[in-house]
Amino acid sequence: MISLKSSHEIQLMRRAGKITAAARALAGEMVRPGVTTGEINRAVDRFIRREGAVPSFYHYNGFPASVCISVNEEIIHGIPGKRRLEEGDIVSIDVGALIDGYHGDCAATFPCGKVSPEALKLIEVTRQSFFEGIRNARQGKRLGDISAAVQTYAESFGYGVVREYVGHGVGTQLHEPPEVPNFGTPGRGPRLLRGMVLAVEPMINAGTYGVAKLSNDWTVVTADGKLSAHYENTILITDGEPEILTAPAI
């Protein structure tokens with residue numbers, strides 16, 4: 001069942017979203033050559049806990065870190081550790097924070113130093129596909145309207161839209177109904193209602209939409225080894241424009 005959040009719950013989710021967005025920004029500032037993914041994970045973990053929250057991903061279904069950090073052809077669920085970032089890498093960082101019983105969830109892909117024009121374009125298109133999607137995040141529309149808009153925009157650049165992994169509802173659980181695919185048909189799916197809170201998260205590949213999973217049983221990579229980018233925010237369906245609960249501070 002899709003839950004509709006009350007005014008009180010929305011206030012709590014705004015707080016969770018603000019912390020989560022700040023954690024994403026901190027992680028992005030740390031993306032530079034020579035920094036390890038483990039260092040970013042530890043810094044974000046400390047920040048979230050100092051804010052009185054708990055990292056949503058820490059030991060979630062057994063995940064061994066507080067942040068998902070996926071580099072280059074890694075799409076999602078990259079495990080931070082000793083890997084040292086290099087000039088030209090693109091780094092997808094997915095963070096969540098739980099406070100007062102409610103989660104925030106957001107992600108973005110950051111360039112490490114100077115990256116290729118092709119990589120920068122993938123990052124920009126992936127981010128914009130999110131905003132194309134949420135043009136349709138209005139009460140009375142259908143979930144498929146969001147999904148189709150993301151797909152249409154990303155595929156117009158020849159990119160592959162990941163099918164196996166999707167966005168989701170957010171609330172007292174990190175993943176709640178409904179699933180929010182990044183592909184679909186306009187006019188299909190559940191009707192959007194005021195009080196729904198959704199994580200819309202395009203995962204866009206430079207090549208095929210096919211994926212594979214590494215032997216660590218977590219990290220998902222592109223099937224053809226080409227680059228992937230990820231962009232996500234937690235949004236609230238309102239009477240008008242959607243509210244981005246994990247909006248950047250600036």
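Predicted model: local features only at pLDDT ≥ 70, side-chain atom pairs only at ≥ 80, totals over all residues.
Strands, as the word is used here, are DSSP runs of at least two residues marked E, numbered from the N terminus. Gly160 stands opposite Asn205, a residue of β10. Two bridges join β6 to β10, which covers residues 203-205, and these two strands run antiparallel.

The picture then widens to a sheet. Strands of a sheet pair through backbone hydrogen bonds, and the pairing can be parallel or antiparallel. Here, three strands make up an open sheet in the order β6-β10-β13, and the pairing is antiparallel. The edges are taken by β6 (160-161) and β13 (228-230), each of which pairs on one side only.

Now for Ser70, which sits in strand β2 (residues 68-71). Is Ser70 buried or exposed? Its relative accessible area is 2%, and because buried means under 20%, Ser70 counts as buried. Leaving aside residues up to four places away in sequence, Ser70 touches Ile75, Ile76, His77, Gly78, Ile90, Val91 and Ser92. For one of these, Gly78, there's a polar detail too: its backbone nitrogen lies 3.0 Å from a polar atom of the Ser70 side chain. Ser70 can also be placed relative to His230, which is 160 residues away along the chain. The C-alpha atoms of Ser70 and His230 are separated by 9.2 Å.

Note on methods
Residues numbered from 1 in each chain as written. Heavy atoms only, no water. Pairing = 2+ DSSP bridges. Helix = DSSP H or I, 4+ residues; strand = E, 2+ residues; numbered from the N terminus. Buried < 20%, exposed > 50% of the residue type's maximum accessible area, 1.4 Å probe, protein only. Contact = heavy atoms within 4.5 Å. Polar contact = N/O pair within 3.5 Å; in protein donor to acceptor, adjacent residues only side chain to side chain.
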